[in-house]
Amino acid sequence: MMEKYHIESYCRIKDQRISLNGATVFESAETNFLPFIKEAYKTLDTQYPKFFKMDALSKLALIASDLLLKNMTEKNIALVLSNRAASLDTDRRHQQSIEEADHYYPSPAVFVYTLPNICLGEISIKHRLFSENGFFVFEQFRADPLVDYADGLLKMQRAEKVLCGWMDLDNEKYDAFLYVVAKNGIFTHSKKKINQLYQTS
Amino acid sequence: MTDLKLELKEKIIEQLNLEDVSVDDIGDSDPLFGEGLGLDSIDALELIVMLDKDYGIKLADPKEGRQIFESVETMATYITQQKGA
């Protein structure tokens, strides 16, 4: 019989609010993303100076993942994230720095973030994960591939847990929805439940 | 030279996003890498770009950076020498 997996915990960062398992843990009147996420970093006591060197997408991913991983002792946690805008927000910053031939100064610190999966590396470094990871780009949030991928990783014993979700940021619009899939948890791991949590959290 | 060192400290803090570091926290001869400010390889590349963009100095051999970026003192000395050359 096929083993059933569960959603152990979930979080959301959207519209100036951060919630963990449905409960608000941080809220701000700040409408601009960078001051908002900096305020969240300080309030949530994240304590990771490298945070300030990251691009906006990695900052979003780091704060969201930290909510779910900071008290977790298990380290065999695979990462499967997805979004719509890939790294477009940072790609534009990089493009601006190279579009004038007589003012051609690409910033290495910006350029290194011109791939969306870099945020997976930042999460892995912060939480010392040496696990499998993947980043997918979809037109909109899709639970199906995330569920199939997570189930496959757990079934093949490639990971003990899987951190999955949506990590989208572009032009001040941000939406992070992460959840941890494990053997035990509060909800059954299903496409229906994930879609429901995404719609309502 | 003192003004240049202060300017370099301000630029390092701003361009390398050293959020919790102030000018007073950086001694003139404090190591910028390793146990000092803890800068990394990407920061080193940013410093090379900064030399070019703000002081018009192109580092022909990036290996030179090891000595030039040892501290604010060595950076200021190098910039002063290059400007006077």
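**Backbone spots and overall fold**

Author: Happy to! Let me begin with A:Asn171, which is exposed, with 11 other C-beta atoms within 10 Å. Keep in mind that this is a predicted model.

Reader: Okay, what is phi of A:Asn171 near?

Author: Phi there is near 50°, a positive value, and A:Asn171 is a residue other than glycine.

Reader: And where is the place of A:Asn171 in chain A?

Author: A:Asn171 sits in the loop between β6 and β7, the latter covering 173-182.

Reader: Is A:Gln157 buried or exposed?

Author: A:Gln157 is exposed: 8 other C-beta atoms lie within 10 Å, and 12 or fewer counts as exposed.

Reader: Great, switching topic. How many helices and strands are in chain A?

Author: Chain A has seven helices and eight strands. Its radius of gyration is 17 Å, close to the 17 Å from the globule rule for 201 residues, so chain A is as compact as a globular protein of that length.

Reader: What does the C-alpha trace span along its principal axes?

Author: About 65 × 35 × 30 Å for chain A.

Reader: Nice. How much of chain A counts as buried?

Author: Of its 201 residues, 36% do. As for contacts in chain A between residues at least 6 apart in sequence, 67% of them join residues at least 24 apart.

Methods: Residues are numbered from 1 along each chain as its sequence is written. Chains are lettered from A and ligands numbered from 1 in the order in which they are written. This is a predicted model: local features need pLDDT of at least 70, side-chain atom pairs count only at pLDDT 80 or more; totals for chains, interfaces and linings use all residues. Helices (H or I, at least four residues) and strands (E, at least two) are DSSP runs, numbered from the N terminus. The radius of gyration is taken over C-alpha atoms; the globule rule is 2.2 Å times the number of residues to the power 0.38. A residue is buried if 20 or more other C-beta atoms lie within 10 Å of its own, exposed if 12 or fewer, and partly exposed in between; C-beta atoms are placed from the backbone. Two residues are in contact if their C-beta atoms, placed from the backbone, lie within 7 Å.
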